[in-house]
Amino acid sequence: MAAIEVYNKPNMAFREENFAILAINAWELLLKARLLQVSKNRLSSILLYERRRLSDGTFSKKRYRKTNRSGNHASIGLFQALDILAAEYSDSVPAVVRLNLEALCEVRDNAIHFLNDDETLIQKVYELGTATVKNYLHLLRAWFGTSLDGYQMHLMPIGFVGTRRHAVGVVLNTEERTWLKYVEMMEHDVDDDVSNDTNLTLDVDIRLRRSSESKLEVRISDAPDALEVQLSEEDVRDRYPWDYSILTARLTQRYKDFKANKKYHDLRKPLESDHSLCVVRYLDPGNPRSATKRFFSPNIVRKFDPYYTRSD
């Protein structure tokens with residue numbers, strides 16, 4: 001929200017750079033939150049580890065928590081978090097989101113070279129920023145069931161802030177031309193339809209209209225005479241953060257003799273009826289005939305311990 005607020009100040013110098021710095025920070029925190037969610041809040045999942053050099057010049061087999069200059073434990077970076085989600089949890093972020101973040105990181109990393117007096121450059125940062133806000137809100141809702149609909153989560157269009165149609169007497173320097181070419185190459189290779197859940201860059205047509213929203217209430221009941229329990233989407237995502245691919249990936253790492261075969265499916269399917277371990281979400285909540293997706297509690301892994309051998 002700070003990134004958006006800074007960007008929407010039309011007379012603020014270097015607003016594009018400030019937006020990029022704050023937005024990338026927000027993304028890093030979101031990805032670390034997702035790692036904590038799927039790892040049952042293990043702090044070690046987001047910390048950096050290193051092997052120490054021994055007196056004989058070799059490196060230790062044991063890994064130690066890396067510390068920063070102040071002595072605090074250092075944490076992983078943005079792209080490390082993306083890699084861990086993909087490699088260890090099969091929870092990879094859409095490729096176009098990574099491309100968007102790579103381009104936005106270039107803005108942040110090379111901010112010192114940016115003059116932002118040319119409309120082409122300013123517009124491209126705007127298109128990247130608009131897409132990154134959309135991507136962020138999509139994954140925030142998908143992962144945590146959290147909606148920020150009550151906030152003004154959009155970037156002010158360039159036309160609203162009096163940007164000149166052409167910059168007078170300003171020529172892109174080498175760094176700016178290189179960056180624009182870099183983003184244009186990405187755009188050429190990506191199918192970036194606005195109807196997609198996530199995008200690399202976006203042109204936005206904003207229309208003002210009056211609307212009202214009502215929150216969906218979720219009612220879960222085991223029996224006709226059971227006490228009614230209301231869970232928000234956020235509660236469900238917090239208790240059941242794993243989908244099938246993440247569960248399978250975690251079991252593969254947990255056991256040395258695990259295979260996603262008939263034995264696994266026969267063991268898993270009865271557990272799916274246990275509401276403490278699994279919930280079924282409808283893609284269209286109001287239509288019981290719509291497609292469904294199952295989400296699992298991390299506690300389910302213990303149910304497989306009697307049937308497989310733990311990895312060393």
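## Aromatic pairs and buried residues in a predicted chain

The chain has nine helices and six strands, both taken as DSSP runs numbered from the N terminus, with helices being H or I of at least four residues and strands E of at least two. This is a predicted model, so local features need pLDDT of at least 70 and side-chain atom pairs count only at pLDDT 80 or more, while totals for chains, interfaces and linings use all residues. Residues are numbered from 1 along each chain as its sequence is written, and side-chain values use heavy atoms, with hydrogens and water left out.

**Overall picture**
- Of the 312 residues, 38% count as buried, meaning under 20% relative accessible area with a 1.4 Å probe and protein chains only (over 50% is exposed, in between is partly exposed).
- Take the contacts (heavy atoms within 4.5 Å) with a separation of 6 or more: residues 24 or more positions apart account for 68% of them.

**Aromatic pairs**
- Searching the whole structure turns up eight aromatic pairs; rings of Phe, Tyr and Trp (its six-membered ring) pair if their centres lie within 6.5 Å, and planes under 30 degrees apart count as stacked, over 60 as edge-to-face and the rest as tilted.
- One of them is tryptophan 27 with tyrosine 136, edge-to-face at 5.3 Å centre to centre and 85° between the planes.
- That pair ties together distant parts of the chain, 109 residues apart: tryptophan 27 sits in helix α2 (residues 15-38) and tyrosine 136 in helix α5 (residues 119-144).
- Tryptophan 27 is buried, at a relative accessible area of 1%.
- Phenylalanine 258 and tyrosine 264 are also edge-to-face, with 4.9 Å centre to centre and 75° between the planes.
- Both partners are buried: phenylalanine 258 has 9% relative accessibility, and tyrosine 264 has 0%.
- Ring pairs join Phe258 and Tyr264 with Tyr244, Tyr255, Phe304 and Tyr308 in a cluster.

**Charges over rings**
- Arginine 15 lies over the face of tyrosine 7, 4.2 Å from the ring centre; the test is NZ of Lys or CZ of Arg within 6 Å of the ring centre and within 35 degrees of the ring normal.
- Arginine 52 does likewise with tyrosine 64, at 3.8 Å from the ring centre.

**Cysteines**
- There are zero disulfides in the whole structure, going by cysteine sulfur atoms paired within 2.5 Å.
- Cysteine 105 is buried at 4% relative accessible area, and cysteine 278 is buried at 1%.
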